Amino acid sequence: MDSRGYVLIRELLPVSHIKPLLLQILEIVQEAGWLLPDSSPLERLADLSEACGDSDPEFKTVYERIFQLELFHAFPHHPALQRIMSLLVGPRLLVHPKPIGRLIFPKCERFVIQAHQDHQSIAGDAGSFTIWMPLHDCPIEVGPLQVLENSHRFGLQSNNPATGIIAKETAQGDDWVSGQINAGDVLIFHDLTVHAATPNTSDQIRISMDCRFQDYTRALNPANLVFPGSTGRSWEAIYSHWHSDDLKYFWQKLPLTLKPSLGELNVLAETAEASRMRPRYAKILSQLQSQISLVKISHENSEVTVGGPTQTD
Ligand SMILES: O=C(O)CCC(=O)C(=O)O
């Protein structure tokens, strides 16, 4: 990790642990009509007339269903991932609560994620790392991630301030590297490592997941705990579909240092220099406050102290 800015670990996860999540996602994708009729969902053959991506309303509707899946959120907590990330981050491991699922239609240039650094896109901590993992075998034509070796050594690189995109021609680092990444393999990279997707030139939808990890004693941007965007998501609505309480608001049990803090958010919501950011800060603040009171209420009911050791038994 230190010398190149990434690590690829083959066969870290048993395929049998990935398949249940893949099947749940495929069921949603098939219901959405994204797969060729009469094909097996496991083939992931895309109906290109349905092609859509991140910014399209029809994509968002389907993605919201996936984002509600309990297995989707449980996945970054897999013991093998926790073990490996503790080696990098140390024992005080925080799993960022909002993993990202990617459903990438083939042969659509506009859905290919361009070069960027996660430090910029998640307002991350320089000691955080991303795991990228496909939920099925991902040969080069299906569009696995590519990374710019050694690019983590150059700090935040020059990018388009509106999009965070870094021009490949000017990005600093050594060679761009990629290759087939299979189900069970994990690609881990530093949050300053420049990376991009490889175009999906196959006939199949690429389904992958990326999640982030850091030491919980380092500053955490509270936007990572709430939904300040326009999705209308709330943890309560997401949790209403879940069977287990174990991972609900799991981060509330950790002594986190938020940056900006609640007090700073209060000030920013009123006086942030960029006035268009004020409603966003206000939204983060109010969602955090309601999280704190919700957790307090549910913990009081089960006689658990906020921030204390877990006493779920
Ligand atoms: O999966 C992709 O296409 C992009 C993933 C990515 O940019 C990330 O994991 O940060």
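**Figure 1. The chain is assigned two domains, domain 1 (6-216) and domain 2 (221-313).** These bounds come from an automatic or database domain assignment. What we're looking at is a predicted model, where local features need pLDDT of at least 70 and side-chain atom pairs count only at pLDDT 80 or more, while totals for chains, interfaces and linings use all residues. Residue numbers start from 1 along each chain as its sequence is written. Where they meet, domain 1 puts in 14 residues and domain 2 puts in 13 residues; two residues are in contact if their C-beta atoms, placed from the backbone, lie within 7 Å. On the domain 1 side, α2 (57-67) and α3 (70-74) each bring at least two residues, and α3 gives the most, with three residues. That side of domain 1 is made up of seven nonpolar, four polar and three charged residues. (Ala, Val, Leu, Ile, Met, Phe, Trp, Tyr, Cys and Pro count as nonpolar, Asp, Glu, Lys and Arg as charged, and the others, Gly among them, as polar.)

**Figure 2. The chain has eight helices and eleven strands.** Helices (H or I, at least four residues) and strands (E, at least two) are DSSP runs, numbered from the N terminus. The chain is as compact as a globular protein of its length, because its radius of gyration is 20 Å, close to the 20 Å that the globule rule gives for 313 residues. That radius is taken over C-alpha atoms, and the rule is 2.2 Å times the number of residues to the power 0.38. Along the principal axes, the C-alpha atoms fill a box of roughly 50 × 45 × 40 Å. Of the contacts between residues at least 6 apart in sequence, 80% link residues at least 24 apart. Buried residues account for 31% of the 313. (A residue is buried if 20 or more other C-beta atoms lie within 10 Å of its own, exposed if 12 or fewer, and partly exposed in between, with C-beta atoms placed from the backbone.)

**Figure 3. Here are the residues around the ligand, including Arg102, Trp132, His195 and Asp210.** Also in this shell are Ile104, Ile113, Asp118, Thr130, Leu145, Ala197 and Ser208. To count as near, a residue needs its C-beta atom, placed from the backbone, within 6 Å of the molecule. The elements that each give two or more residues are β3 (100-104), β4 (129-134), β8 (195-197) and β9 (206-215). By type, the shell splits into five nonpolar, three polar and three charged residues.

**Figure 4. The largest nonpolar core has 50 residues.** Such a core is a set of buried Ala, Val, Leu, Ile, Met, Phe, Trp, Tyr and Cys residues joined through C-beta atoms within 7 Å. Val29, Leu135, Leu187 and Ile205 have the most contacts inside this core. Helix α1 (residues 15-31) supplies the largest share, six residues. A second, separate core has seven residues, among them Ala223, Val226, Leu265 and Leu285. Zooming in on Val29, its contacts are Trp34, Leu35, Val62, Leu103 and Ile205, leaving out residues up to four places away in sequence.

**Figure 5. His119 sits in helix α5 (residues 118-121), and Gly164 lies in the loop between β5 (145-148) and β6 (176-177).** His119 is buried, with 21 other C-beta atoms within 10 Å. Gly164 is partly exposed, with 16. Leaving aside neighbours within four places in sequence, Gly164 touches His116, Gln120, Ser121 and Asn159. Gly164 and His116 are 48 residues apart along the chain, yet their C-alpha atoms are separated by 6.1 Å. Phe154 is in the loop between β5 and β6 and is partly exposed, with 16 C-beta neighbours inside 10 Å. Phe154 touches Gln172 and Gly173, again not counting residues up to four places away.

**Figure 6. A cis peptide bond joins Lys259 and Pro260, and Glu11 has a positive phi.** Most residues other than glycine have a negative phi, and most peptide bonds are trans. For the Lys259 to Pro260 bond, omega is about 0 degrees, and Pro260 belongs to the loop between β11 (257-258) and α7 (262-271). Glu11, with phi near 55 degrees, is in the loop between β1 (6-9) and α1. Glu11 is exposed, with 11 other C-beta atoms within 10 Å. Asp38 has phi near 70 degrees, a positive value too, and is found in the loop between α1 and α2. Asp38 counts as exposed, with 6 C-beta neighbours inside 10 Å.
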